[in-house]
Amino acid sequence: MRCVFICWTAAMLLVAVASAQAAELWVSPDGNDAAAGTKAEPLATLHAAQEMVRAIRARGAGPVTVTVAEGTYYLPETLVFTAADGGTKDAPVTWAAAPGATVILSGGQRVALDWKPYKNGIMQARVPDGFTSDQLFVDGERQPMARYPNYDPEAQYFQGFSADCTSPARVKRWADPSGGFVHAMHRSLWGDMHWRITGKKGDGTLDMEGGWQNNRQMGAHKEYRFVENIFEELDAPGEWFLDTHTHVLYLYPPAGVDPAKATVEAVRLRHLVEFRGSREAPVRHIVVRGFTLTHAARTFMENKEPLLRSDWTTYRGGAVFFDGAEDCALSDCLIDQVGGNAVFVNKYNRRIAVTGCHIRDAGASAVAFVGSPEALRSPLFEYHQAQTLEAMDKAPGPKSPDYPADCLVEDCLLVRNGRVEKQTAGVNIAMAESITIRHCSIYDCPRAGINICDGTFGGHLIEFNDVFDTVKETGDHGSFNSWGRDRFWHPKRDTTADWVKKHPDMPRWDCAKTIVIRNNRWRCDHGWDIDLDDGSSNYELYNNLCLAGGIKLREGYDRTVTNNIVVDWTFCPHVWYPDCRTEFARNIVWHDGYRPAGMKKTDQGERVDRNLVHEAGASPRPAKGLQEFGGDAHSLVADAMFVDPPSGDYRVKDGSPALGLGFVNFPMDRFGVQKADLKAIARTPALPGTLEAAAVRSGGWGRKYATPPTARWLGATIKDIANDDEMSAVGLGNRDGVLVVEAPAASKAARAGLKANDVIREVNGRRVKDLAAFSEAYSKEAKAGAVALKLWRDQADASVTVRPGAD
């Protein structure tokens, strides 16, 4: 042992001396922690490399790079960086995957077990005493715990829900449900709630603990709920159950999988990498680049802390955790299927960057910036809490610097967050300042894509993002959502108005710096595209393309909304305060009328003006409908003269009446990720008027619109049969089917044999009732090749075959 230590120390000194200007260490699964740490003689573990980096940095060396060779590194414990591990601006410390290598940092362990049949296709294997795991991965894919109802990827809530999941009749079937979980949506779909089952009573009711994961304590939804980790519910491929009493792991293998030959992995750690410093001794100038990080435990039962008077609670942790760091970065990493937050930036941090990362299937949020309530003046923590103006600390700004500031999320692909928890976001910001979110693609979210919990302390910049397919499991929200229940905000609106009349700058006591949202593309089919909810103040919105749900402004001050395009919808002002200093001007909307709620008119007068209502083919005329709100003296209804809407180009042509009102074109080709490898796999939103958009079924809060009446498909225009006249014209007895309005001779549809006034009734034998059903059926069937369409033509049956790939 003494020889090993001497050899390691000598090797370490040689590396340091030989590399006074720069040092490079290597780690490999085939390495040895007693080796020199060179490419030829690599170390075996990251922790050994960390000790060597510390020794090198203590001697004042230049930049240090730790290059990690291809392989999977099962971390025995969290890799924790402290101030002793950091670098300087001129001599940073970089931990990087070797070029072109797949380097996996796992918080789990591979389990090689002796699998034997149990019954009904279920396999069983003995595990070591003390073995625990809240997730199981088979060949890299997370498998569902034994649950009821079974996992259904097409189900809207929780991938399967049932009101009877905790019924006494079902509970009585369970021998011992202790350790199981009940998951339920909030009663009003404002997030979700979770309970751990601790036992059951003789009458079939459950003993449980939990339910603290939502800051609006109004009870759970009676229907949208499920149970998991119940042995008696182990009945579907992929499900598993760990009996911690008998130390037996049960697995119903996924179809075609032999667990004896598969890679089976369990989860051990909550956090994989931590930056642990303080204001006084921060972790500085460390870059982590190019890794795949996976296998981090679920944390939903630790999600307890309320985030001021927002609807959120939080768990302060993540697979990558920053706490007391400066000028550190996470770059070009894949964070895959972690159980809780992927990246969490906690309390004091400055200039943290998350760039070029792909974060997918996180159990909670993809990225979160959350400060300390210790930094706030007179904070409150629940919607109904209030205080008197006399008792309030009236000094503006933060009380301490214990919050994230000047941080960046850029060029990241953030998809399918909230696989476990639903009060989550692609990026969440709370009690932070000057956070920039730029060129990110964020989609498939149960709640908002980007969420700001409060106004403290403002200064955020949100630009060039592509955010869509959001609010898929919740309600009363938007692709962008914010609250601003700061010191000026009182549950009684008259009180707020009185306070601000006395102290006009009060809304800026906490949100001192303007929050800017510009040059983004948004689409929310279950709420608003942009939702500035309760109290959101000091915002500037411009150059945003909103594709479905419009823009909502509720209760706030100092909002400027200009030069935005609201496709197929309109502006939604909700319960404004008197003299709220709000501007809505030089925008393009689709309806000659706003959708106010809790109010009928505004007192903002000329601040609301010079907007254009797009009406295809219309000559300019006054926007009488908009004027009913109390402004828009110069606003018009007219054809906006867009360049190419079916391709998503909503710039207006020269001569457009919008230009005369002051509208200015903005780029339509810079939304979302720009990094080549991420852009190649990133989706984009369904564009209005396309077949893809026709498949989107809206619901929930905000906009409740019917299926778009027409769509472009293979060069043809198709639509629902809208009324009895159209039904009679084609000789049908009902409105089932999709009407071909036109099929130009040069179109693919015409070359396949379709004609104007055809009605498409079936797709490969599947009856289609409307445009949405046709879109869903055709999109699915076309993936397999030729598609047979059954038609109604000239009051007789007909058929054609479409070959999607053919010219």
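Which residue of S5 does Thr 65 stand opposite? Thr 94. Let me set that pair in context.

First, the ground rules. This is a predicted model, where local features need pLDDT of at least 70, side-chain atom pairs count only at pLDDT 80 or more, and totals for chains, interfaces and linings use all residues. Numbering starts from 1 along each chain as its sequence is written, and side-chain values use heavy atoms, leaving out hydrogens and water.

Now the strands. Helices (H or I, at least four residues) and strands (E, at least two) are DSSP runs, numbered from the N terminus. Two strands pair if DSSP finds at least two bridges between them. S2 covers residues 64-68, and four of its five residues are buried, meaning under 20% relative accessible area with a 1.4 Å probe, protein chains only. S2 runs parallel to S5, residues 93-97, with five bridges joining them. S2 also pairs with S1, residues 23-27, in the parallel sense, over five bridges. There, Trp 26 has Thr 67 of S2 as its bridge partner.

What do S1, H2 and S2 make together? A right-handed β-α-β unit, with H2 at residues 46-58. Right-handed means that, with the strands pointing away from the viewer, the path from the first strand over the helix to the second runs clockwise.

Next, the core. The largest nonpolar core has 114 residues, and Phe 275 and Val 343 touch the most other members. H2 gives the largest share of this core, five residues. A nonpolar core is a set of buried Ala, Val, Leu, Ile, Met, Phe, Trp, Tyr and Cys residues joined through side-chain atoms within 4.5 Å.

Technical notes. Buried < 20%, exposed > 50% of the residue type's maximum accessible area, 1.4 Å probe, protein only.
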